[in-house]
Amino acid sequence: MRKSTLRFIMLVLLTVTTVSCAKESIEEEVNSYNHIAEEKINFDYSEIESSILDLVNEHRESLGLSSLKPIAEISVEAESHNYYMLEIGKVSHDNFGIRYENLVKTVGAKAVSENVGYGYRTAEAVVNAWLNSDGHRKNIEGNHSHFGVSVVDDEEGRNYFTNIFIRR
C-alpha cells in the first residue's frame, strides 16, 4: 500500500511539473511574437526634422489621406541609418531588412518603407525631391499610419536624410 501511495504522489508531482513547464513554454512562445516597446523613447526633433514631418503630412492631407503620427523609435532607426550613410560616405538603403525587423519587433510594424536623401539644405527641398520621384512619392502617399525622420549633417554641413514609414 505504501508503494502505491508513493507512486501515486510521484505521478501527481510529475504531471503537475510537466503541465507547469508546458504552460511557461507556451507563454514564452506567445511573448516572442509580441515584442512591442514598453519603454517610452524620446527623440528631440530638430527644426528641419519637424518641418519634414509637417510637409509630408500637409501633402498627404492635400490628397485626402490621413496624416501620419511620428514615433520616436522610428526616428531612432532613421538616425542610426543616417550615421551609417555618413560613415560610408554615400546614400543607400543598405541594411533595410535589419531596420524592418527592428521596427516589427519594437513598434509592431506590419509594413515598412523608407526614403533617403543627401545634400539638400531645407526640408522643402528634400520633400519636393521625394515628391518628384515616383518611388519616393509612393512611400509618402502609401498606406502607412506612422513615420519617423532623421537629418544628420557631415563635416561640410551637407545633410543626410532618412524618412521611414510604417503601418501598424
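View 1. Contact here means heavy atoms within 4.5 Å. Helices (H or I, at least four residues) and strands (E, at least two) are DSSP runs, numbered from the N terminus. Before you look further, note that this is a predicted model, in which local features need pLDDT of at least 70 and side-chain atom pairs count only at pLDDT 80 or more, while totals for chains, interfaces and linings use all residues. Residues are numbered from 1 along each chain as its sequence is written, and side-chain values use heavy atoms, with hydrogens and water left out.

View 2. Two strands count as paired if DSSP finds at least two bridges between them. Strands of a sheet pair through backbone hydrogen bonds, either parallel or antiparallel.

**View 3. Strand E4 sits between two partners.** On one side, strand E2 (residues 111-118) runs antiparallel to E4, joined to E4 by eight bridges. Look for Val112, which stands opposite Ile166 in E4. Strand E3 (residues 146-153) also pairs with E4 in the antiparallel sense, over eight bridges. Here Ser150 has Thr162 of E4 as its bridge partner. The hairpin of E3 and E4 has five residues between the strands, and Gly157 in this hairpin takes a positive phi near 85°. Is E4 (residues 159-167) enclosed or open? Eight of its nine residues are buried, so E4 is largely enclosed by the rest of the structure. Buried means under 20% relative accessible area, exposed over 50%, and partly exposed in between (1.4 Å probe, protein chains only).

View 4. Which residues of H4 are buried? They are Arg99, Leu103 and Val107. Seen down the axis of H4, these buried residues fall within an arc of 35°, so they line one face of the helix. The arc is that of the directions from the helix axis to the C-beta atoms. The buried residues of H4 pack against helix H3 (72-88), E2 and E4.

**View 5. Asn139 is a buried residue of helix H6.** You can find Asn139 in helix H6 (residues 134-140). Asn139 has a relative accessible area of 16%, so it counts as buried. Leaving out residues up to four places away in sequence, Asn139 touches Ser113, Glu114, Asn115, His144 and Phe165.

**View 6. The whole chain puts the close-ups in context.** The chain has six helices and four strands, which run α-α-β-α-α-β-α-α-β-β from the N terminus on. Of its 168 residues, 35% count as buried.
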